[in-house]
Amino acid sequence: CLTALCCRYSFIMLHLFNQESLVEGSEVTQTPTILWGLKDSDAQMNCSHTEGAYYNQMYWYRQRPGEGMKEVVYTSSFRIADYGAFSEDKYPTDKTVAESGSFTVKKLETGDSGMYFCAVSQHSDTDNKHSCTKTPVFQ
């Protein structure tokens, strides 16, 4: 954590992973690439893709220094977001169209520093939760 202005403000760095998809001609993009924020401020990240409208599921992951990657939230343009063990109040999302979505970290604190990743996947049979395939969570 960096401090500035005689220790009156704490800055928190969030690094977003941005890499082109491995499928030729397709791309998943996160913006901004690096995000700095003041303590107690909010930080919004955006994710978009060129996979097409059938790729309407979006996953957001966080990896803190020295830890494994954890899924924060699964979103879809047609379902309520699934936060698992994480809080919607801390990590609100906006996903109204298949090709893009946003993820916000509210009230930044030192523990929010880390890498944030988004991933997209194609629609599956979401009416039957037992037939769904979710991206595994790495811990």
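**Strand pairing, cores and aromatic contacts in a predicted model**

Strand β8 (residues 93–97) pairs with β9 in the antiparallel sense over three bridges, where pairing requires that DSSP find at least two bridges between two strands. Strands (E, at least two residues) are DSSP runs, numbered from the N terminus. The structure is a predicted model, in which local features need pLDDT of at least 70 and side-chain atom pairs count only at pLDDT 80 or more, whereas totals for chains, interfaces and linings use all residues. Residues are numbered from 1 along each chain as its sequence is written, and side-chain values use heavy atoms, with hydrogens and water left out. A hairpin connects β8 to β9 through two residues, and threonine 93 stands opposite phenylalanine 103 in β9.

Threonine 93 is also among the contacts of threonine 75, a residue of strand β7 (residues 70–76). With a relative accessible area of 3%, threonine 75 is buried (buried, under 20% relative accessible area; exposed, over 50%; partly exposed in between; 1.4 Å probe, protein chains only). Not counting residues up to four places away in sequence, threonine 75 touches Asn56, Gln57, Met58, Ala81, Thr93 and Lys95, a contact being defined by heavy atoms within 4.5 Å.

The largest nonpolar core comprises 17 residues, and those with the most contacts inside it are Met45, Cys47, Trp60, Val73, Tyr91, Phe103 and Val105. Such a core is a set of buried Ala, Val, Leu, Ile, Met, Phe, Trp, Tyr and Cys residues joined through side-chain atoms within 4.5 Å. Two or more residues of this core are given by each of β5, β6 (57–63), β7, β9 and β10. A second, separate core of five residues includes Tyr59, Tyr61, Tyr74 and Phe117. Beyond its neighbours within four places in sequence, valine 105 is in contact with Ser41, Asp42, Ala43, Met45, Lys90, Tyr91, Asp112 and Tyr116.

Aromatic pairs were assigned to rings of Phe, Tyr and Trp (its six-membered ring) whose centres lie within 6.5 Å; planes under 30 degrees apart count as stacked, over 60 as edge-to-face and the rest as tilted. By this rule the count comes to six aromatic pairs. Tyrosine 91 and phenylalanine 103 form a stacked pair, at 5.7 Å centre to centre and 15° between the planes. This pair links distant parts of the chain, 12 residues apart, with tyrosine 91 in the loop between β7 and β8 and phenylalanine 103 in strand β9. Tyrosine 91 is buried at 5% relative accessibility, as is phenylalanine 103 at 0%. Phenylalanine 103 and tyrosine 116 form a tilted pair, with 6.0 Å centre to centre and 45° between the planes. Here, too, distant parts of the chain are linked: phenylalanine 103 in strand β9 and tyrosine 116 in strand β10 are 13 residues apart. Tyrosine 116 is buried, with a relative accessible area of 0%. Ring pairs link Trp60, Phe86, Tyr91, Phe103 and Tyr116 into a cluster.

Most residues other than glycine have a negative phi, and most peptide bonds are trans. The peptide bond from threonine 31 to proline 32 is cis, with omega near -10°; proline 32 is found in the loop between β3 (28–31) and β4 (34–38). Aspartate 40, although not a glycine, has a positive phi of about 75°. Aspartate 40 lies in the loop between β4 and β5 (43–49) and is exposed at 53% relative accessibility. Lysine 107 likewise has a positive phi, near 45°, and lies in the loop between β9 (100–105) and β10 (114–121). Lysine 107 is exposed, with a relative accessible area of 59%.

Note on methods: Helices (H or I, at least four residues) and strands (E, at least two) are DSSP runs, numbered from the N terminus.
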